[in-house]
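The following exercises ask the reader to work through a protein structure step by step.

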Amino acid sequence: MTRRSRPGKSAARTFEALPPAKGSRAPFAESWWGREWLRSLEESSLDSGRLSRGRTYARGGAVGPVTVAPGSAAAPVQGSRRTPYRSTVQVEQLTDRQWDQLLDMIAERAANIAALLDGEMPTGLADDAAAAGVPLLPGPRDLDPDCSCPDWGYPCKHAAALCYQVARLLDRDPFVLLLLRGRGERELMDELGRRNTARASAEAAATAGAAPATLPARPGDPAGPAFASRTALPPLPGPPPLPDRPGRGPALVDSAVPEPGVDPAALELLAVDTATRAHHFLAGALGARHADTAPPAPLTEWQDAVRLAATHPTMDVFARIASNCGRTPSELAAATRAWRHGGAASLDVLESPWTPPASRLERAREALRADWADGRPPRLRSWRNRWTVEGRDSQLRLGRDGLWYPYTKDRGTWWPAGPPDADPAVVLTALLAT
């Protein structure tokens with residue numbers, strides 16, 4: 001079924017194209033590992049409609065041979081054009097320190113070693129790894145899909161199809177996950193064998209009364225010579241693991257009598273919000289592609305007020321912001337809903353109409369006709385960056401980020417109606433289905 005490259009840290013495996021899956025309602029992944037992979041994929045996606053189309057592509061056999069290497073999987077995916085697109089999904093590799101923790105944990109349990117030697121990966125291995133501080137299964141932010149197609153979806157339907165196909169590969173061989181995380185099966189088995197041998201030798205020496213060899217202690221050594229000798233310095237420790245969730249901050253309400261003009265509840269909210277943002281930025285800084293990520297643009301006072309209302313959706317927070325932002329509660333509610341669907345870019349779509357190039361809109365119309373089932377999408381009235389469906393209270397708006405945002409009208413007001421997508425057909429289909 002597979003063609004293996006020579007064993008080694010950079011070994012890759014190429015899996016032949018899988019046949020089309022039978023039955024459109026059968027579970028796509030059968031194994032525990034495959035289902036957990038799909039859970040991470042579906043939690044990281046911004047649009048279920050995009051995933052649905054990718055799942056259809058994968059079921060239909062559109063994904064070609066899949067090459068799995070440390071940190072990535074890649075495959076040609078047949079789309080609407082004659083030449084397949086090249087789709088990839090990157091997975092953050094474990095650090096050397098994390099691999100040491102994982103291998104030590106495995107070596108401590110004979111049942112784990114026996115299962116791995118038999119070519120099996122017990123499901124409890126994921127929980128044991130997590131307890132050791134090693135995220136064996138990718139989290140929602142660990143999957144980074146990409147594709148050569150012009151679609152800006154996250155992921156596009158071709159990359160989504162590849163991700164679904166990886167789940168089928170995990171059904172057949174869960175060791176694919178370890179290779180994505182950075183180490184091949186042969187390398188893993190060799191390292192476990194060395195550790196198991198060393199552990200057995202240490203236990204035998206302890207039984208015989210032999211003291212383990214240690215480095216001679218040198219108490220009283222001055223720090224100056226150690227720092228002057230660069231070759232003797234140990235490597236810096238790795239960064240700390242990302243906490244599961246941000247902290248809550250200090251409890252200020254009812255803890256003491258506040259000074260005049262100090263609002264303890266507002267300070268508590270700001271502390272919680274600061275911890276939440278710090279956790280988000282730390283997650284990005286610990287990512288493998290942090291160096292390639294541009295810092296976010298600073299928010300205006302209005303944008304930050306909307307962000308606060310969207311991040312902390314309580315009546316008290318909404319009332320506080322609505323009374324001080326100079327906007328009506330209805331305007332703040334629409335802005336908050338827009339922010340939840342796409343941040344500052346979505347808020348700009350709500351508040352700032354603009355005129356895209358005519359050629360860009362024409363290409364979008366052609367793509368809409370090509371993707372529609374019978375080639376005859378609903379009639380649309382066009383005004384600047386907005387397409388309104390004739391006879392329906394439904395509208396698409398093109399953002400400056402190249403994404404299409406769905407809107408519905410309620411009591412004369414247009415409201416954001418869902419997440420955006422680079423494909424207007426995906427947005428319009430979901431919008432008309434509601």
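**Exercise 1.** Determine where Arg384 lies, and state whether Arg384 is buried, exposed or partly exposed.

Solution. Arg384 is located in the loop joining strand E7 (380-383) to strand E8 (386-389). Helices (H or I, at least four residues) and strands (E, at least two) are DSSP runs, numbered from the N terminus. The model is predicted: local features need pLDDT of at least 70, side-chain atom pairs count only at pLDDT 80 or more, and totals for chains, interfaces and linings use all residues. Residues are numbered from 1 along each chain as its sequence is written, and side-chain values use heavy atoms, with hydrogens and water left out.

Next, consider accessibility. Buried means under 20% relative accessible area, exposed over 50%, and partly exposed in between (1.4 Å probe, protein chains only). Arg384 has a relative accessible area of 35%, so Arg384 is partly exposed.

Finally, consider the backbone. Most residues other than glycine have a negative phi. Arg384 is not a glycine, yet its phi is positive, at about 55°.

**Exercise 2.** Describe the loop position, phi and accessibility of Arg411.

Solution. Arg411 belongs to the loop between strand E10 (404-410) and strand E11 (413-416). Its phi is near 55°, a positive value in a residue other than glycine. With a relative accessible area of 82%, Arg411 is exposed.

**Exercise 3.** Locate Asp393 and identify its contacts beyond its neighbours within four places in sequence.

Solution. Asp393 is placed in the loop between E8 and strand E9 (394-398). Its relative accessibility is 46%, and Asp393 therefore counts as partly exposed. Contact means heavy atoms within 4.5 Å. Leaving aside neighbours within four places in sequence, Asp393 is in contact with Tyr407, Thr408, Lys409 and Trp414.

**Exercise 4.** Decide whether Arg181 is buried or exposed, and list residues in contact with Arg181.

Solution. Arg181 sits in the loop between helix H7 (175-180) and helix H8 (185-207). Its relative accessibility is 2%, so Arg181 counts as buried. Apart from neighbours within four places in sequence, the contacts of Arg181 include Val91, Glu92, Trp99, Pro135 and Asp142.

**Exercise 5.** Characterise the crossing of H12 and H13, and the residues that make the contact.

Solution. The axes of helix H12 (residues 315-322) and helix H13 (residues 329-340) come within 10 Å and cross at roughly 120°. Axes are lines fitted to C-alpha atoms, for helices over the stretch in contact, and angles run from 0 to 180 degrees between N-to-C directions. Angles under 35 degrees count as roughly parallel, over 145 as roughly antiparallel, 65 to 115 as roughly perpendicular and the rest as oblique. H12 is therefore oblique to H13. On the H12 side, Phe318, Ile321 and Ala322 make the contact, and on the H13 side, Pro329, Leu332, Ala333 and Thr336 do.

**Exercise 6.** How many helices and strands does the protein chain have?

Solution. The protein chain has 16 helices and 11 strands. Of its 434 residues, 39% count as buried.

Terms used
Left-handed = near helix turned anticlockwise from the far one by under 90°.
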